[in-house]
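Thank you all for coming; please look at the sequence and the model on the screen while I talk you through a few of its parts.

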Amino acid sequence: MLFLIGFILLFFMKLYKPSRFLGYSISFFTRGFIEKRAEEKPAIFSTFHVLIYSFCVLTLSLFIHTLIPETQTQNNLISYIYLISFTFIYMIIRSLLDYSFSKLLNLSDYIRYFIFTKVGYLYTLSIWLFPILIIYNYGYKNNNFLWGSFLILLGIRFGLVFYNNKKLIIKHLFYFILYLCALEIAPLFIILKILK
């Protein structure tokens with residue numbers, strides 16, 4: 001059912017803006033798409049953005065839900081609803097913190113570009129993670145495969161975000177390390193702690 005919703009969201013993204021969907025799908029391997037989108041200052045509440053944001057939340061929630069042992073979930077649907085709500089709220093709060101951080105340091109233009117590249121590559125990660133989750137759930141059920149694939153995608157995303165924002169990151173290295181620990185690495189450790 002949840003994978004069907006994911007396929008429907010993918011279908012509508014491809015139908016509505018095929019070139020934009022393709023751009024996000026291959027942005028790990030082609031230069032320029034995410035950077036060009038950041039410079040265009042796209043609307044946050046556009047139809048395509050709402051679709052891809054929903055798909056991203058769905059995929060990340062599915063990833064976390066897949067890692068939770070069945071013995072810890074009494075009702076799969078109820079636990080997933082809690083999880084998707086938590087993921088949605090977390091991503092909203094994180095976006096607000098990013099924005100507040102940029103205002104606090106008076107780095108609005110630079111941070112806007114940084115945030116957009118970070119979010120853009122997160123969308124790409126979710127598009128690639130979705131088929132991996134399908135393979136894991138309906139075929140090759142191996143935790144090392146799932147974690148390994150996720151960490152590779154996360155590493156590519158982190159490398160591209162760093163590469164595209166290296167001037168900003170180097171100039172404000174202390175704040176970047178603080179941000180990285182608080183909003184990027186800490187959530188992963190919290191998820192791992194919950195799953196143990």
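Before anything else, a definition: a residue is called buried when its relative accessible area is under 20%, exposed when it is over 50%, and partly exposed in between, with a 1.4 Å probe and protein chains only. What you see is a predicted model, in which local features need pLDDT of at least 70 and side-chain atom pairs count only at pLDDT 80 or more, while totals for chains, interfaces and linings use all residues. Residues are numbered from 1 along each chain as its sequence is written, and side-chain values use heavy atoms, with hydrogens and water left out.

Let me begin with the whole chain. Helices and strands here are DSSP runs numbered from the N terminus, a helix being H or I over at least four residues and a strand being E over at least two. By that rule the protein chain has 9 helices and 0 strands, and of its 196 residues, 43% count as buried. If contact means heavy atoms within 4.5 Å, then among the contacts between residues at least 6 apart in sequence, 77% join residues at least 24 apart.

Now to helix H7, which runs over residues 143-164 and has 22 residues. From its first C-alpha to its last H7 reaches 31 Å, close to the 32 Å expected at 1.5 Å a residue, where the expected span is 1.5 Å times one less than the number of residues. Which residues of H7 are buried? They are Leu146, Ser149, Phe150, Leu153, Arg157, Leu160, Val161 and Asn164. Seen down the axis of H7, these buried residues fall within an arc of 100°, so they line one face of the helix; the arc is that of the directions from the helix axis to the C-beta atoms. An α-helix has 3.6 residues a turn, so residues three or four places apart point the same way. On the face of H7 turned away from the buried side, we find the exposed residues Asn144 and Ile152.

Threonine 117, in helix H6 (residues 108-138), counts as buried because its relative accessibility is 0%. Leaving aside neighbours within four places in sequence, threonine 117 is in contact with Ile34, Val161, Asn164 and Asn165.

Finally, arginine 20 is found in helix H2, residues 18-25. With neighbours within four places again left aside, arginine 20 is in contact with Phe33, Arg37 and Phe48. Arginine 20 and phenylalanine 48 are 28 residues apart in sequence, and their C-alpha atoms are 8.7 Å apart in space.
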